Amino acid sequence: MAALLVPAFIGAQQWRPSEWPVLRSYDEAHLQQVALPLGGIGTGTVSLGGRGELRDWEMMNVPGKGNSTVMTGNDAPLFAIFTKEKDGESATRLLAGPLYPQEYLHYEGRPVNHHGLPRFDHASFDAAYPFGQVNLSDPGMPVKVRIKGFNPLVPGDSQISGLPIAILTYEVTNTSVSELEVAVCGAIRNFIGKDGQDYTLNWKGDRVPVGAKDNKNEYRESGALKGIQFYSAGVDPEDKAWGNFTLSTDSPDEVTYRTFTTDNSWSNSMLNFWDDLSDDGLISNPQASIRHSVGGDQDPMGALSVKAVLKPGEKHCFNFYLTWNFPNRFAWSSENVGNYYSTLYPDSWKSAMEFIPKVGEYEKRTLSFVNAFLSSSYPDVVKEAALFNLAVLRSQTVFRIKDGHMLGWEGVMDHYGSCAGSCTHVWNYEVATPFLFGDLARTMRDVEFRYAMNPDGAMDFRVNLPLGSKPDPGQIAVDGQMGCIMKLYREWQLSGDDAFLREYWPACKSALSFAWKEKGWDGNQDGVMEGSQHNTMDVNYFGPNPQMGFWYMGALRAAEEMAKAMKDKEFAKKCRSLFEKGSAWMDANLFNDEYYEHKITDPETFEFLPEDSDKIPPFQLGKGCLVDQLVGQYMAHICGLGYLGDRNHIQKTLQSVV
C-alpha cells in the first residue's frame with residue numbers, strides 16, 4: 001500500500017482534556033457490566049470497559065458483544081504501562097483493574113482476555129455520557145492512572161456527532177518521590193476481515209473469528225501525528241469486513257512502534273511483545289531471525305508506545321486515537337448499502353489528520369451540552385436515564401446508509417441485529433433523535449412516507465433494503481402507521497419547515513385514509529377502531545382498545561393541524577369530526593372508572609363478544625390494564641396536541657398503570 005500524499009498534520013500544542021463532569025460513579029464491585037461505547041452515530045464503536053479494558057469491538061457494521069468477537073484471549077487489544085524509578089525497579093501492568101472471583105469459572109480457568117497479565121489492584125468508573133473515566137491505582141505501582149475516553153456528541157450537529165473516532169487519554173500521575181520513566185503502549189492485532197460473522201470452532205469448541213488475509217501494518221508520520229495504519233493486501237475490498245484502521249498519537253514525547261511480531265504459536269507474539277515493552281518502555285520490530293520463517297501471521301500485531309519522564313507529583317497526558325473506515329454494510333439487505341461516514345472519511349489515517357487538531361473544539365462543544373443538561377433541576381436518576389441511553393444512537397442498533405438515511409434495528413443481540421426494518425411501531429417509542437438531531441429524524445420520515453408506502457396507503461412497518469425495494473403489503477401495523485403520522489407532525493413542528501410538510505402531505509393523507517377502507521381499522525368511519533389491528537405486541541387486537549385507539553386519536557389531531565396548514569379544509573374538518581366522535585366513545589365505553597379496557601369483537605362480524613365466548617381469538621387484552629394503553633397520549637403531549645380523552649380519566653389511568 002503506497003503512502004498517501006496528504007498535507008502535513010498541523011497541530012497546536014498537544015490537547016489536554018479538561019475536567020469532566022461526573023453524574024454516576026461505579027465502585028470496584030460493580031464494574032464487570034460497565035462499558036461506554038466510543039464512536040459516532042452510524043460509525044460503530046469500541047467500548048471503554050469499567051476496568052479500563054477495550055471491549056466489544058463493533059466498528060465493522062455488526063454487533064460484537066462479549067469475549068468472542070474480533071480478537072480474544074491473549075490476542076485481544078490492550079493498553080499497558082511501563083514504569084521505572086530512577087536507579088530503581090521497573091514494572092509493567094495491563095491498564096485494567098482486577099478480576100472478579102467468578103471470572104475464574106471456566107474450563108481452563110481463564111475466560112477473560114489477558115487473564116494472566118498483571119493488573120492494577122483497584123479500579124472505579126465515573127461517567128457522564130459520552131464522557132467516561134476509569135481510575136486505576138495499585139500500592140505496588142509508583143503511579144495512579146485515570147483513563148479518559150469520549151467521542152464528540154453535539155446536539156444539532158450530526159456531522160460532528162458522527163465521526164469514526166475514539167479518543168483516549170491516559171492521565172498518569174507520579175505518586176513516588178523520585179523521577180520516573182513512564183511509557184504507555186497500545187497493541188492490537190490487524191483485524192481487517194475478521195468481524196466475527198465468519199468463524200471456526202477450535203478443538204475446545206471456542207468460537208474463533210477468521211477472515212484476515214495478508215494483512216499489513218504501516219507506520220506513518222505527518223508532522224506531530226504518528227501512528228500505525230492497519231490495512232489488508234488480501235481481503236477482498238467488497239468483503240463485508242474490509243476496511244482500514246489507525247492507532248495514532250499526537251504526543252511530543254518519544255514514540256516507538258512495532259508493525260509485526262514473532263510467530264504466534266503458544267501466544268509467543270504477546271510474550272515477545274511484553275518482554276520488549278518491559279525492558280525499557282521502548283518497542284521495536286523483532287529481528288528477522290526470530291520471525292516466522294514462512295509468511296508470518298495473517299493478522300500481525302501492531303503496537304505504539306509513548307515514553308516520557310515524570311517528576312515527583314507530575315501528571316502527564318498520553319493521548320491515543322482510534323480512527324476507522326469499514327464501508328461495506330449489508331444490514332438486512334442482500335446488497336451492500338454502504339455507510340454514510342465512509343463517503344466522507346474513507347481513509348482512517350486522513351481522518352486522524354483531520355480530526356485530531358479539532359479534538360479540543362469537539363470536547364468544548366460536547367461539554368457545553370453535557371454541563372447544560374446536568375445543570376437542570378431533574379433528579380439525577382432521570383438525568384442518568386435520559387443521558388446514558390443516548391449511547392444507543394452510537395451503537396450498531398443505528399446506522400446511516402451511503403445516501404445519509406438513518407435506519408435502525410429494533411435492537412441488537414451479541415452478534416446480530418435484532419428485528420430489521422426501522423420498525424415503525426418500535427421506533428414510535430424513540431424521541432431523542434428528533435430533539436437532538438432533527439435532520440436524522442427527517443430522513444426516517446422520508447423512509448416511511450417515500451419507501452415504505454403501498455399504492456393503497458398501507459405502510460410497511462419494516463422497510464426493505466436497498467431503499468426502493470418493493471414494500472411488503474402484508475406488514476401493516478396500526479400503531480406504527482398512526483405513529484408515523486404523529487411523528488411527521490412532530491418533525492414539521494420542530495423544524496418549522498413548511499416545504500418538508502408539503503412534500504409528504506399527500507402520502508400522509510393516504511396513510512390516514514387507509515384506516516377508512518371497507519372492513520378496515522375504522523371502516524365505518526365513526527372514529528372507533530373495530531377491525532383487525534396488528535401492533536407492536538406482535539399480535540392482532542380485535543375490537544376497540546385504548547392502545548390503538550389513542551394512537552388513532554393522536555393521528556387524527558396531528559392530521560387536522562397539518563391539513564389546516566396545507567389549506568385542506570375538508571380533510572381537517574373530517575379529522576376533527578372523527579376525533580371528537582372517537583374520543584367521546586372511548587371515554588363512554590372503554591373507561592371502567594380505573595383505566596381503559598378492550599372490547600373484543602368477532603373477527604368476522606365485528607360484533608362484540610361476551611367475556612365467556614369461545615370465539616375470542618388468542619392474545620386479546622379484554623379487561624386487562626395494559627401498561628402501554630396511553631402511549632398515543634404520551635406522543636400527543638410531546639407534540640403539543642393536548643389531551644386525547646377526558647383529562648381526569650387519563651390521569652386516573654396513569655395511576656392505575658403505576
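Q: How do E10 and E19 pair, and over how many bridges?
A: E10 and E19 are antiparallel partners joined by 9 bridges. Two strands count as paired if DSSP finds at least two bridges between them. Strands (E, at least two residues) and helices (H or I, at least four residues) are DSSP runs, numbered from the N terminus.

Q: Before we go on, what kind of model is this, and how are residues numbered?
A: The model is predicted: local features need pLDDT of at least 70, side-chain atom pairs count only at pLDDT 80 or more, and totals for chains, interfaces and linings use all residues. Residues are numbered from 1 along each chain as its sequence is written, and side-chain values use heavy atoms, with hydrogens and water left out.

Q: Back to E19. Which residue there is the bridge partner of Glu171?
A: The bridge partner of Glu171 in E19 is Cys317. E19 also pairs with E16, in the antiparallel sense, over 5 bridges. There, Ser248 has Tyr321 of E19 as its bridge partner.

Q: Is E19 mostly covered or mostly open?
A: E19 is mostly covered, with 10 of its 11 residues buried. Buried means under 20% relative accessible area, exposed means over 50%, and partly exposed lies in between (1.4 Å probe, protein chains only).

Q: What sheet do these strands belong to, and in what order do they come?
A: The sheet is open and has 9 strands, in the order E1-E7-E8-E9-E10-E19-E16-E15-E14, with antiparallel pairing. E1 (24-26) and E14 (215-222) stand at the edges with a single partner strand each, so one side of each has no neighbour in the sheet. On average, neighbouring strands are turned by 15° against each other, direction ignored. Such angles are taken between axes, which are lines fitted to C-alpha atoms (for helices over the stretch in contact), and run from 0 to 180 degrees between N-to-C directions.

Q: What about E9?
A: E9 (residues 143-150) pairs with E10 (residues 165-174) in the antiparallel sense over 8 bridges. Phe150 stands opposite Ile167 in E10, and Lys148 has Thr169 in E10 as its bridge partner. E8 (residues 131-137) is joined to E9 by 5 bridges and runs antiparallel to E9; the two form a hairpin with 5 residues between them. Because 6 of its 8 residues are buried, E9 is largely enclosed by the rest of the structure.

Q: Which residues touch the most other members of the largest nonpolar core?
A: Of the 94 residues in that core, Met59, Ile81, Val145, Tyr170, Phe245, Phe318 and Leu322 touch the most other members. A nonpolar core is a set of buried Ala, Val, Leu, Ile, Met, Phe, Trp, Tyr and Cys residues joined through side-chain atoms within 4.5 Å. A second, separate core has 70 residues, among them Ile401, Leu407, Trp521 and Met566.

Q: Changing topic: is Asn215 buried or exposed?
A: Asn215, which is found in strand E14, counts as buried because its relative accessibility is 4%. Its side chain makes a polar contact with the side chain of Ser232 at 2.8 Å. A polar contact is a pair of N or O atoms within 3.5 Å; within protein, one must be able to donate a hydrogen and the other to accept it, and residues adjacent in sequence count only if both atoms are side-chain atoms.

Q: Where is Ser377?
A: Ser377 lies in the loop between H4 (359-374) and H5. Ser377 counts as exposed because its relative accessibility is 76%.

Q: Finally, how many residues of H11 are buried?
A: In H11, 17 of the 20 residues are buried. Asn545 caps the N-terminal end of H11, with a side-chain oxygen 3.4 Å from the backbone nitrogen of Gln547. Just after H11, Lys567 takes a positive phi of about 60°.
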